[in-house]
Amino acid sequence: MSSAITIKTKPTTRRTSISFNKLNSVEIPSVLSIEEHNSDYPWSQHQFTTSIENSNNLCYCWSVNGKTIGYLIAMLAKDTADILNIGIDPDFQREGYGTALLNHLIKELRKRHIGEILLEVRAGNKSAIQFYKKQGFEEKSIRKNYYIKNSNNQTKREDGIIMSIRIPLKESKDVL
Ligand SMILES: CC(C)(COP(=O)(O)OP(=O)(O)OC[C@H]1O[C@@H](n2cnc3c(N)ncnc32)[C@H](O)[C@@H]1OP(=O)(O)O)[C@@H](O)C(=O)NCCC(=O)NCCS
């Protein structure tokens with residue numbers, strides 16, 4: 001499987017100063033707030049703290065005019081990286097920021113000669129699956145009934161979809 005990754009960031013009038021930063025503890029309250037808006041199963045402060053303390057992880061955040069609007073956490077192995085979490089502030093979704101964060105990760109992985117990204121997503125998270133497919137990820141396998149799902153006061157199970165993408169070794173048309 002090989003996929004070219006098309007990156008675009010949409011022009012936006014409110015963007016004056018944007019930057020990627022290494023995620024650190026100062027941003028965690030903002031990240032937690034985004035996470036809680038975005039997910040019925042948000043990561044805890046402890047999960048974010050241990051992630052940024054783990055030297056095997058790459059942890060980034062996006063800032064627009066000094067406000068944290070997105071984050072990405074990836075765990076590195078020898079030849080692969082796993083995306084553990086990615087989130088964009090709901091007010092800034094569908095503006096290309098998620099794509100740009102992913103593109104930033106890809107550039108960092110390429111420098112480390114890491115050629116594949118893996119991730120797992122809930123089968124019900126259709127928008128994230130669409131997002132990953134748009135980036136060129138493909139479904140690799142399904143973990144049946146992997147997640148617990150709370151629905152109408154009932155606890156059910158939900159499949160996990162494992163997706164992956166090969167990172168082209170040569171830099172292509174990536175734009176940040
Ligand atoms: C998934 C997520 C990170 C995408 O970030 P984003 O900045 O909104 O994504 P982009 O603007 O870069 O979107 C790129 C493309 O992905 C697809 N996409 C993104 N969000 C989508 C949605 N809600 N529905 C359908 N397609 C979507 C579209 O094809 C989009 O291109 P288009 O806007 O030209 O149609 C963001 O929606 C998010 O934070 N979701 C909640 C957290 C989450 O589910 N994380 C993943 C856990 S595995």
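Is E116 buried or exposed? E116 counts as buried, at 12% relative accessibility. Here buried means under 20% relative accessible area, exposed over 50%, and partly exposed in between, with a 1.4 Å probe and protein chains only.

This is a predicted model, in which local features need pLDDT of at least 70, side-chain atom pairs count only at pLDDT 80 or more, and totals for chains, interfaces and linings use all residues. Residues are numbered from 1 along each chain as its sequence is written, and side-chain values use heavy atoms, with hydrogens and water left out.

Start with the charged pairs. Side chains of opposite charge can pair when their charged atoms come close. The structure holds ten salt bridges. Each is a side-chain nitrogen of Lys or Arg within 4 Å of a carboxyl oxygen of Asp or Glu.

E116 takes part in one of them. Its partner is R166, and the closest N and O atoms are 3.7 Å apart. E116 lies in strand β5 (residues 116-122) and R166 in strand β7 (residues 154-166), so the pair ties together parts that are 50 residues apart in sequence. Helices (H or I, at least four residues) and strands (E, at least two) are DSSP runs, numbered from the N terminus. R166 is partly exposed, at 38% relative accessibility.

D89 and K67 form another salt bridge, with 3.5 Å between the closest N and O atoms. This pair also links distant parts of the chain, 22 residues apart. D89 sits in the loop between β4 (80-88) and α3 (97-111), while K67 belongs to strand β3 (residues 67-76). D89 is buried, with a relative accessible area of 8%. K67 is partly exposed, at 42%.

D79 pairs with K78. Their closest N and O atoms are 3.9 Å apart. K78 is exposed, with a relative accessible area of 72%, whereas D79 is partly exposed at 46%.

Now turn to the ligand. Where does the ligand sit? The space it takes is the largest pocket. Pockets are found on a 1 Å grid over the protein atoms alone, as open sets with protein on both sides within 12 Å along at least five of seven lines. A molecule sits in one if more than half of its atoms lie within 2 Å of its grid points.

The shell around the ligand has 22 residues, the closest being I88, R94, G98, T99 and N125.

A polar side-chain atom of T99 lies 2.4 Å from an oxygen atom of the ligand. For R94, a polar side-chain atom is 2.8 Å from a ligand oxygen. E95 uses a polar backbone atom, 3.2 Å from an oxygen atom of the ligand. Taken alone the ligand exposes 920 Å², and the protein buries 82% of that. These areas come from the Shrake-Rupley method with a 1.4 Å probe.

One more contact lies within the protein. Q47 is found in helix α2 (residues 45-53). Its side chain reaches the backbone nitrogen of S44 at 2.9 Å. Q47 is partly exposed, with a relative accessible area of 33%.

Key:
Near = heavy atom within 4 Å. Polar contact = N/O pair within 3.5 Å; in protein donor to acceptor, adjacent residues only side chain to side chain. 1 Å grid on protein atoms, 1.4 Å probe; cavity = no way out; pocket = protein on both sides within 12 Å on 5 of 7 lines; lining within 4 Å.
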